[in-house]
Amino acid sequence: MNEPTEATERKNSPASPPRTIELRAPPRPTAALWFHTVRQLRYAQLQSLVIQRLRRTIERPERFSGRAVTAAPPLGWAPRYEFLPPGPQDNTEGSLLQGSFCFLHQTAPLGWPPAWSPRQLSRLWEYNLHYFEYLWALGFESARFLARDWIARHRLDRGAVGWEPYPTSNRLMNWCGVFFARYADEVESDPEFREELWSSICLQSEWLLRRIETHLMGNHLLENAVALAFCGTCFAGEDAQRWKQAGIELLTAELPEQILQDGCHFEQSPMYQLRVFYALTALLNTGDAELRQLVNEPLERMQGALRRLRHPDGGIPLLGDSALSMYNEPGELLDWWSRVCGRGVPPTPAGREIFSLPQAGYYGARRGDDHYLICDAGPTGPRQQPGHAHGDVFSFELSLGGRRVICDSGVHGYDEDPLRGHCRSTRAHNTVEIDSEDQAEFWATFRVARRATPHDVQWEATDDGFRLSGWHDGYQRLRGSPRHYRQFTWHERGALLVEDRISCARPVRADSRLHLHPDCRVADCDERTVRIDASWGEFYVAFAGHGRLGLESSVYCPEFGVRLENLALVFSSTGTNVEMGFCISGESLDDARSLSDALFLS
């Protein structure tokens, strides 16, 4: 094992000011990146992509919008319970009537009625405008006015953002839930508006049927399926029955793949776990027997996973593309699901719980609402759709004293947001970066070429915690084929021991990072140990191995559009066979030191 040079030791001295975070530009598209991206896709995806591109060039949306629509049919559903509004609402009726719309922590004066194509804003912000989730904050008169204005002024046309499949899917669910469940009596008393709604919903559903996102797959395709089934169940008649059957066929094909046996959504994002759980519970709540039979068992598995992913603070761990305050919190969803099912939610264990979600690659433990640890030993997203994956193989999040202390990066935004690339990068996670490279080749906004796959993952529950180990091949594309092995050992009292081994045919630099929550402050620091002040008290970190400890400025993005400054501890070493590790203890510095000192004695 190689000793660090004197220059390296001076550069990484914790006495120096924290190094500034480096926001690196994404790599330019190359033939190699395209090749390694496209070769992961399924033939059906590629075929669908070609068809979608050709269709856009020859189709005339304005002609499609002129098709005849049948008279509005009666309602077909009998919801079992009130529908839950989708997620926290940043808009109030008062602010909306003043023309102020807020999404992703960005407020824009769009007017009332709003400008439906505010091109100066991001695509994701525009998507939120066309989801119509804010209908749930409006009284009937305001909701009717807004829907009628959208129908009149945001017509189906080439390039109309609101008519893209994903916002169309979300809007159909919100329009049906608000107008034909919450305000069903008011709509029935207004035949003219009811006909307008039906005509638009019919057009939107038929257009969606022609725009199913089989080229993207993943959560987009599932949203298309749920919207068609939900909307089809809402109404009687042949048209609605056709939408429902199309949705059921898609769900029948997708649910076995997208809902893993451990109950996690296969894109391994706790945020999308919330959204998919909400969408499937909405289908269950329609009262339709076919849908109930289809989603009952997947929801049963999902609620078990969701209880384990639930943070002591009530939120979710920020693994993969995840953000807080985007969707309903786990507790709210579990309560709604239990009411729809007519039975109680299994209680979260009051004492010790050791858990594994092996298909998703999540392993962890909790001690009531005191300590919580979750480790990520899963692959870089599903092979055919890794767009929401991060460079976080063998990363983790840790809560001590019921508060987040070691945090993941979260996600800031999409649409080529400069922080998007950083939040996905390996350096934004609590794992090892080699030679300033990522575990995967991230490029553009959602594309990934070569990516990391964990191997030989072993999990064992012990008398006082658990042990998790494995290695991944994400760096083997680099010269010398570096391999990263990591072992986690968790002690129930609140101590985490992590051992890293990096082997390579040439010397490499390995940086192991621990990203502190913004509420944490480095109180005392030397070449190997750190005392950290947290809101609940203190905890301690002790590093082991040949290397030096440094501080680095970082960025924490717990919600879309939110950027908070924080610090990362960086332990760096260089060699062909690097051995390093650390211990985090909520007990004492002596506890952290003694455990870390024993790392490489065997």
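1. Let's start with helix H7, residues 140-153: its 14 residues reach 20 Å from the first C-alpha to the last, close to the 20 Å expected at 1.5 Å a residue. That expected span is 1.5 Å times one less than the number of residues. Helices (H or I, at least four residues) and strands (E, at least two) are DSSP runs, numbered from the N terminus.

2. Before going on, keep in mind that this is a predicted model, where local features need pLDDT of at least 70, side-chain atom pairs count only at pLDDT 80 or more, and totals for chains, interfaces and linings use all residues. Residues are numbered from 1 along each chain as its sequence is written, and side-chain values use heavy atoms, with hydrogens and water left out.

3. Which residues of H7 are buried? They are Phe 140, Ser 142, Ala 143, Arg 144, Leu 146, Ala 147, Asp 149, Trp 150 and Ile 151. Buried means under 20% relative accessible area, exposed over 50%, and partly exposed in between (1.4 Å probe, protein chains only). These buried residues pack against helices H5 (93-97), H6 (123-131), H8 (165-182), H9 (184-188) and H10 (191-209).

4. Now look at H6 and H8, whose axes come within 8 Å and cross at roughly 25°. So H6 is roughly parallel to H8. The contact (heavy atoms within 4.5 Å) involves Tyr 127, His 130 and Tyr 131 on the H6 side, and Tyr 166, Pro 167, Asn 170, Arg 171 and Asn 174 on the H8 side. By class, that gives four nonpolar, three polar and one charged. Here Ala, Val, Leu, Ile, Met, Phe, Trp, Tyr, Cys and Pro count as nonpolar, Asp, Glu, Lys and Arg as charged, and the others, Gly among them, as polar.

5. H8 also meets helix H11 (residues 218-234): their axes come within 9 Å and cross at roughly 30°. That makes H8 roughly parallel to H11 as well. For reference, angles under 35 degrees count as roughly parallel, over 145 as roughly antiparallel, 65 to 115 as roughly perpendicular and the rest as oblique. Axes are lines fitted to C-alpha atoms, for helices over the stretch in contact, and angles run from 0 to 180 degrees between N-to-C directions. Among the residues making this contact are Met 173, Cys 176 and Phe 180 of H8, and Phe 230, Cys 231 and Cys 234 of H11. The contact of H8 with H11 has 11 nonpolar, six polar and one charged residues.

6. Is His 422 buried or exposed? His 422, in helix H16 (residues 418-424), is buried, with a relative accessible area of 6%. Leaving aside neighbours within four places in sequence, His 422 is in contact with Ile 21, Leu 23, Arg 427, Ala 428 and Ser 554.

7. Arg 501 sits in strand E14 (residues 495-515) and is partly exposed at 28%. Arg 501 and Val 432 are 69 residues apart in sequence, yet 9.8 Å apart in space, C-alpha to C-alpha.

8. Check the backbone in the loops too. The peptide bond from Trp 112 to Pro 113 is cis, with omega near 0°, and Pro 113 belongs to the loop between strand E2 (106-109) and H6. Gln 268 has a positive phi of about 60° although it is not a glycine, and counts as buried at 8% relative accessibility. Ser 325 has a positive phi too, near 65°, but counts as partly exposed at 43%.
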